[in-house]
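Okay, thanks for coming, everyone.

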Amino acid sequence: LSNGLALGANYQYSHSIDNAGSVGGTSTVVAQDWQNLAAEEGNSSFDQRHKVSGTYLFELPFGQDKRWLTAGTASHIFEGFSVSGSFVFATGLPLTPGYMAAISDVAHGTAGTLRPNIAQGVSPTAGGGSLKKWFNTAAYSQPTPDSFGNAFGNASRNSITGPGTVQNNMSLSKTMQMGETRSMEVRATASNVFNTVQYSGVDTRLDSVTAGQVTSAASMRSFNFTARFRF
């Protein structure tokens, strides 16, 4: 804390690749071809590439031993105010494009969804990033079954970057001293203080009528008020 201001931030870069669904492979893994697990290699489901997070605190310079309004009624009214908060900016977690497996696919050993083929020369991100079109569905096509009736696509697991995180929380508090050992703090806290619309779900089933569209959003701004007496 210097001159009433404290600020801290952290940047994190990470990249994880696996052929399972979690650290140690403890979660359910849905392989499109159980005889070819090498084809399951891709970004981990928790692979968040970039993340910036931090906290801040600013004590307003009013009141005793401060820069302004050091005495009088105004000093008592405005002293003890502080603004604090936290923030997180991060890229999204990966998503996997796919089709729902039919009964015949299950008979061939598929335990869940099938992945599509990647269309040559078409970018999965072209024109994407919006509510109605998070990724380019035209970049994928349904694979043609081989002579054994299998239709395994070549699109990788977790090859679509999902919506990122923009989170800002802020508090305004006032601390009133009541002698040397007692104080009263009144605090108002706002989660998602700027009420930023935060996408949280995307339909990745290419045989769905809402394929490529954002399907849900995170919580809107909310307030919390607290009072604390210290003694």
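One definition before we start: when I say buried, I mean a residue under 20% relative accessible area. And keep in mind that this is a predicted model.

So, take F135. Its relative accessible area is 2%, so by that cut-off F135 is buried. F135 pairs with Y140, and that aromatic pair is edge-to-face, with 6.2 Å centre to centre and 80 degrees between the planes. What about Y140, then? Y140 comes in at 9% relative accessibility, so Y140 counts as buried too.

How many aromatic pairs does the structure hold? Five. Another one of them is W134 with Y199: the ring centres are 6.0 Å apart and the planes sit at 90 degrees, so again we call the pair edge-to-face. Now look at where the partners come from. W134 is in the loop between β9 (117-118) and β10 (140-141), while Y199 belongs to strand β14 (residues 199-202), so this pair ties together parts that are 65 residues apart in sequence.

Are those two buried or partly exposed? W134 is at 17% relative accessibility, so W134 counts as buried. Y199 is at 25%, so that one counts as partly exposed.

Let's zoom out a bit. The largest nonpolar core has ten residues, among them W134, F135 and Y140. V202 is in that core as well, along with Y99, A139, A155, I160, L206 and V214. And if you leave out residues up to four places away in sequence, V202 touches W134 and F135, as well as L95, P163, G212, Q213, V214 and T215.

Key
Residues numbered from 1 in each chain as written. Predicted model: local features only at pLDDT ≥ 70, side-chain atom pairs only at ≥ 80, totals over all residues. Heavy atoms only, no water. Phe/Tyr/Trp six-rings, centres within 6.5 Å; stacked < 30°, edge-to-face > 60°. Helix = DSSP H or I, 4+ residues; strand = E, 2+ residues; numbered from the N terminus. Buried < 20%, exposed > 50% of the residue type's maximum accessible area, 1.4 Å probe, protein only. Core = buried A, V, L, I, M, F, W, Y, C linked by side-chain atoms within 4.5 Å. Contact = heavy atoms within 4.5 Å.
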